Amino acid sequence: MDTMLDGVAGQSAVRDARGRIVDFRIDYANPAIGRISGVPPGGQTGHTLLELFPAHRANGLFDAFVNVVETGVPFDSGAFRYVDPAAAGGPLDQVLDLRAARLGDGFVLSVRDVTEVERVRRERERLAVIIEESPDGILVADGQLRIAYTNATFAANLGLAHAELVGQGVLEVAATVLDAPTIATLAEVAGTGRPWLGEADGRLADGTVGRLQVRVTPRLAADGSVESYVVVARDVTALRSAEQAVRESENRYRLLFESAPVAINITRGADITYANPTYLDMFGFASLEALRRVGPLELFAPEWRAAIAANIRRRAEGLAAPSAYEAECLRRDGTRFPILMYLTRAAFADGPATVAFVIDITARKRAELERARLATAVENATDLVILTDPGGVVEYANPAFERLTGYPVAELLGRTVASVLRSDDLPHEAYVAVDDAIRRGEPWSGMLSDRRRDGSLFEDEISLSPIRDAGGALLGFVEIGRDRTHEREMEVDLGLAANVRSALDAALHAMPSGMPLEGTAQAMCDGLGALPGFDFVTVFAFGQGDSIDALAFHAPPGFPDVQGRPALRARQVHERAPGGPWAEAWIPGEEDGTWGRALTRLGARAAAVWPITYGDQVDGVVSVVTADARLAHVLLDRGPIALDLGTTASALLAERLHARRKADEVRTALANLIATHAFRPVFQPIVDLATGEAMGYEALTRFDSGQRPDLCFAEAWTVGLGPELELATLAAAIEAARQLAPGLWLDLNVSPRLLADPERLRRILWAADRPIVLEITEHEVIEDYEAVRRAIRLLGRDLRLAVDDAGAGVANFGHIIDLRPDFVKLDISLVRRVNANLGRQAMVVGMRHFSRTAGCRLIAEGVETADEARTLRALSVEFGQGYLFGHPQAAEVWAGAGARAPGNASARDAAVD
């Protein structure tokens, strides 16, 4: 079957408790069905039909297969369109031929993909309809020119029925419609076997004479001989009349275009089909042929060609495109000139085209350029430009003046520049040279410190030049100023950033490897605190809610070391930190406490904060407080981004801060879980496979949160609450087990690490009213088996020991030998479908032999079917546990079950058989 082209699959019924078929399990699938469905055979076997192909439910196929199994009547779908958007291998839309026949309690399915066959059939039907309804007359003749087929149009044009034409000679029939020369031509064409297209006057059935276009196409056999002919006759009378009218109209327009003083061209797509003499003369071409050799896009300057090509393409696609625009073109000699072009669509005899009217605007552009050049240069200059009269009174200032100083130009006009901008931060001598130059009418250049309207200072590089007439008389001054503030600030920022990097590098290189989180934070604070102006440096760690803990800080001598290292303005820091770094002037507040008052006494001026981020979460901040006016100015005016301490802090501290914060959250949640008893014990029976009697119950824990128990216990051990959680759940299980039938043992799961405190464990275990089996999982590595055995002995009482997961990938015989347990639990991976797997059976036999040698007894975990139970019993496995005998339930559910296995009838049958 693996080599078949058709898909084949074997499927068995999946029934519910009432015996109804609710699905089909796929037991076999050949490669062909994998190609058809998109799911390889390996991805189908063991899965169910509705799981992989849910559309079977809605389209009726599932019910059809159920009917095959229930009645034995085979199913044949014929061509069936199968649409399945949710199929496992991806969306399906196919036409399939499906056949199914019963096989046991299932069926065998044969599938053939007929999608392409159906497509071809539909295409042929579509073409037949098109041919039959075509307005053209269509005829098919055999190799001897006898008519084999005509469509309705051909027969109607002759006034005959289709049946009257079949079998007649093509040339004889054509002679009643066409003239003798055309008939002779057709006879010659038939003799050559070549295709032919021509026109002739034809007489139709209604007595009218029109123009017919005739196309003859031979169809050749494999040996090259003519097998048949296809003849198509089209009435082109109206088309030819319209073309003649268009040609006459075009001749009239041509005369108008040829004599027009405006340059005109006609294009179709990207090809120029006409250019009038004015157009040829404008571009320097002697003829249309010479123009067409160049190509229309090459007439435009290179930088314009992409835009022009895009306009041509949009116009050809019927999309919106400019109908008038300016561009720059090239004459044949390479010289550039600007043009204004108007475009319009027109219909000509040979089809639609675009008509362009082109005007050379060189003279206009030159005049506009001359008028705008000086104004544009001055108005758009980034430097401020000021024109004054000979006495220095301002007559004009460009927009850059307002951008740089904040003063409206109107406030400057009629005043001197000095009266508006001059700052008191420079000594008077600094301005004497400028005033003297104006008084003498001489040029001057240099740096001045001017004041903006908002009071801030900026460094202004000034160039002052006198303006004189042809006779040398002073007309005024032109002053050009450039804001150099940013460059000066950048110098300060770069110097400060370099100092910060140097200090951090020195601190980091001095750190020993493996330094704890607090030590790393302290080294960072000390490194920054050594810089001038960094008076108080702190690393804060975020806790739960709005709490903040100061991991480390650096402060001047005598600064209070408050117990608990308080954090400043905790809520504000929590709220602002996600938005990135910030700086603010230091304004003391009541919430700042001892540290805040100490910083106020220190003379703090500004504080800057850099978030420490891990991914998209902020887990702490670095804070710097300064009393230095210069550093405060840098932080407040240009923000803390210039220093970028957050990147270094995040690289050094973020991952460990994040882990610490997450551990605190988990610890708090688990402590609350233990305190509120947010869990409950459930019990699953362990039965004697020979009698079906319950021998004991394994106690398991379910958490109110729905979290997986193994993950919850693992988290508890990670944050140091493992013993508390395990002991709490064990105590709850022992108390709830009092409701179970007396004398049955209680199987309790414990971690090897819990045995390190046998005294606490003993007090809980001794409260039990029944035998106890301690089940120690092998998932945790046991370093000292003797210590484990000693701890179990210290627990006292007659405790029995169990080891789980025997036969799983991580289990080993040495673990069992070293622990010497009373019970060994076979892992579910060995038990699942053991009745159908000889390899698993062999492993169970081996484990049984090993258990007898080691003096322990076997418990099979995960028993779900009666077949599995019977097979395990036959292999001498004594006890079983699994859904066949009961799901984990509260103790009160099992209270009335007594010593009998509370499973279903199949479980009891498996024990009795």
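## Around helix H32

Just after helix H32, Gly855 takes a positive phi of about 80°. H32 covers residues 838-854; helices here are DSSP runs of H or I with at least four residues, strands are E runs of at least two, and both are numbered from the N terminus. This is a predicted model, where local features need pLDDT of at least 70 and side-chain atom pairs count only at pLDDT 80 or more, while totals for chains, interfaces and linings use all residues. Residues are numbered from 1 along each chain as its sequence is written, and side-chain values use heavy atoms, with hydrogens and water left out.

How far apart are the end C-alpha atoms of H32? They are 24 Å apart, which agrees with the 24 Å that its 17 residues should span at 1.5 Å a residue (the expected span is 1.5 Å times one less than the number of residues). At the start of H32, a side-chain oxygen of Asn837 comes within 2.9 Å of the backbone nitrogen of Gly839.

Gln841, Val844, Met847, Arg848, Phe850 and Ser851 of H32 are buried, meaning under 20% relative accessible area with a 1.4 Å probe, protein chains only. The buried residues of H32 pack against several elements, including strand S30 (800-806) and helix H33 (866-874); contact here means heavy atoms within 4.5 Å.

## Strand S25 and its partners

Now for strand S25 (residues 617-626): nine of its 10 residues are buried, so the rest of the structure largely encloses it. Strands pair if DSSP finds at least two bridges between them. S25 runs antiparallel to strand S21 (residues 536-542), with six bridges joining them, and Val537 has Val624 as its bridge partner.

Strand S24 (residues 606-614) also pairs with S25 in the antiparallel sense, over nine bridges. Here Ala607 stands opposite Val625. The hairpin of S24 and S25 has two residues between the strands, and Gly615 takes a positive phi near 65° there.

## Aromatic rings

How many aromatic pairs does the structure hold? There are 17, counting rings of Phe, Tyr and Trp (its six-membered ring) with centres within 6.5 Å; planes under 30 degrees apart are stacked, over 60 edge-to-face and the rest tilted. Take Phe553 and Trp595: their ring centres are 4.9 Å apart and their planes at 55°, so the pair is tilted. Phe553 sits in strand S22 and Trp595 in helix H23, 42 residues apart, so the pair links distant parts of the chain. Phe553 is buried at 12% relative accessible area, and Trp595 is buried at 0%.

Key:
Buried means under 20% relative accessible area, exposed over 50%, partly exposed in between (1.4 Å probe, protein chains only). A polar contact is a pair of N or O atoms within 3.5 Å; within protein, one must be able to donate a hydrogen and the other to accept it, and residues adjacent in sequence count only if both atoms are side-chain atoms.
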